[in-house]
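Please look over the sequence and the model below before reading on. The text is meant to be read with both in view.

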Amino acid sequence: MEITSLQNERIKHLLLLQQKSAVRRQEGLFVVEGQRELLHCINAGYEVQTIFADCEKCGDDLRDIPTDGIEVVEVSSRVYEKIAYRGSTEGMVAVVKTR
């Protein structure tokens, strides 16, 4: 199922995590964007909770990510543009648990 609405509760929560360090600390989560950063987290042993992916942008790059046990949520390009915080992007944003 693809999320197409900016009013979706999961998208609102993701944006809150990006904007509020107090929420990140309280929930023990942080947000990463891009394949390289996501792979760094996985290789360092962090637990990835959810990947939000714009499959039009990330295409085959998502296949390079070991997604066993990770929830992958497809989002529309419009939603992805809202949740992406960097200029150049690879089509994926992930919520990761802190240690």
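The paragraphs below go from the sheet to the helices, then to the cores and a few single residues.

This is a predicted model, in which local features need pLDDT of at least 70 and side-chain atom pairs count only at pLDDT 80 or more, while totals for chains, interfaces and linings use all residues. Residues are numbered from 1 along each chain as its sequence is written, and side-chain values use heavy atoms, with hydrogens and water left out.

Helices (H or I, at least four residues) and strands (E, at least two) are DSSP runs numbered from the N terminus, and two strands pair if DSSP finds at least two bridges between them. Five strands make up an open sheet with mixed pairing, in the order β1-β4-β3-β5-β2. At its edges stand β1 (2-3) and β2 (29-33), each with a single partner strand, so one side of each has no neighbour in the sheet. Helix α3 (residues 35-43) packs on the sheet and touches β2, β3 and β5; here contact means heavy atoms within 4.5 Å. The direction of α3 makes about 135 degrees with that of β2, where axes are lines fitted to C-alpha atoms, for helices over the stretch in contact, and angles run from 0 to 180 degrees between N-to-C directions.

Strand β5 has two antiparallel pairings to follow. Five bridges join β5 (residues 92-97) to β3 (residues 48-53) in the antiparallel sense, and Phe 52 stands opposite Val 93 in β5. Strands β2 and β5 also run antiparallel and are joined by five bridges, with Val 96 of β5 as the bridge partner of Phe 30. Four of the five residues of β2 are buried. Buried means under 20% relative accessible area, exposed over 50%, and partly exposed in between (1.4 Å probe, protein chains only).

In α1 (residues 9-19) the buried residues are Ile 11, Leu 14, Leu 15 and Leu 17. Seen down the axis of α1, these buried residues fall within an arc of 155 degrees, so they line one face of the helix; the arc is that of the directions from the helix axis to the C-beta atoms. Glu 9 and Gln 19 are exposed on the other side of α1. The N-terminal end of α1 is capped by Asn 8, which has a side-chain oxygen 2.7 Å from the backbone nitrogen of Arg 10.

Helix α3 has buried residues Gln 35, Leu 38, Cys 41 and Ile 42. Down the axis of α3 these lie within an arc of 125 degrees, so they too line one face of the helix. They pack against β2, β3 and β5, while Arg 36, His 40 and Asn 43 are exposed on the other side of α3. Just after α3, Gly 45 has a positive phi of about 90 degrees.

Where do the nonpolar side chains gather? A nonpolar core is a set of buried Ala, Val, Leu, Ile, Met, Phe, Trp, Tyr and Cys residues joined through side-chain atoms within 4.5 Å. The largest such core has 17 residues, and those with the most contacts inside it are Ile 11, Leu 14, Phe 52, Val 75 and Ile 83. Two or more residues each come from α1, β2, β4 (71-75), α5 (77-83) and β5, and α1 gives the largest share, four residues. Leaving aside neighbours within four places in sequence, the contacts of Ile 11 include Ile 3, Phe 52, Val 75 and Ile 83. A second, separate core of 14 residues includes Ile 42, Val 48, Ile 51 and Met 92.

Glu 33 lies in strand β2 and, at 1% relative accessibility, counts as buried. A polar atom of the Glu 33 side chain lies 2.8 Å from the backbone nitrogen of Tyr 85.

Tyr 46 sits in the loop between α3 and β3 and is partly exposed, with a relative accessible area of 29%. Not counting residues up to four places away in sequence, Tyr 46 touches Phe 30, Cys 41, Val 96, Lys 97 and Arg 99. Tyr 46 and Arg 99 are 53 residues apart along the chain, and their C-alpha atoms are separated by 7.3 Å.

Ser 77 lies in helix α5, and its side chain makes a polar contact with the side chain of Asp 54 (3.0 Å). A polar contact is a pair of N or O atoms within 3.5 Å; within protein, one must be able to donate a hydrogen and the other to accept it, and residues adjacent in sequence count only if both atoms are side-chain atoms. Beyond its neighbours within four places in sequence, Ser 77 is in contact with Asp 54, Glu 56 and Lys 57.
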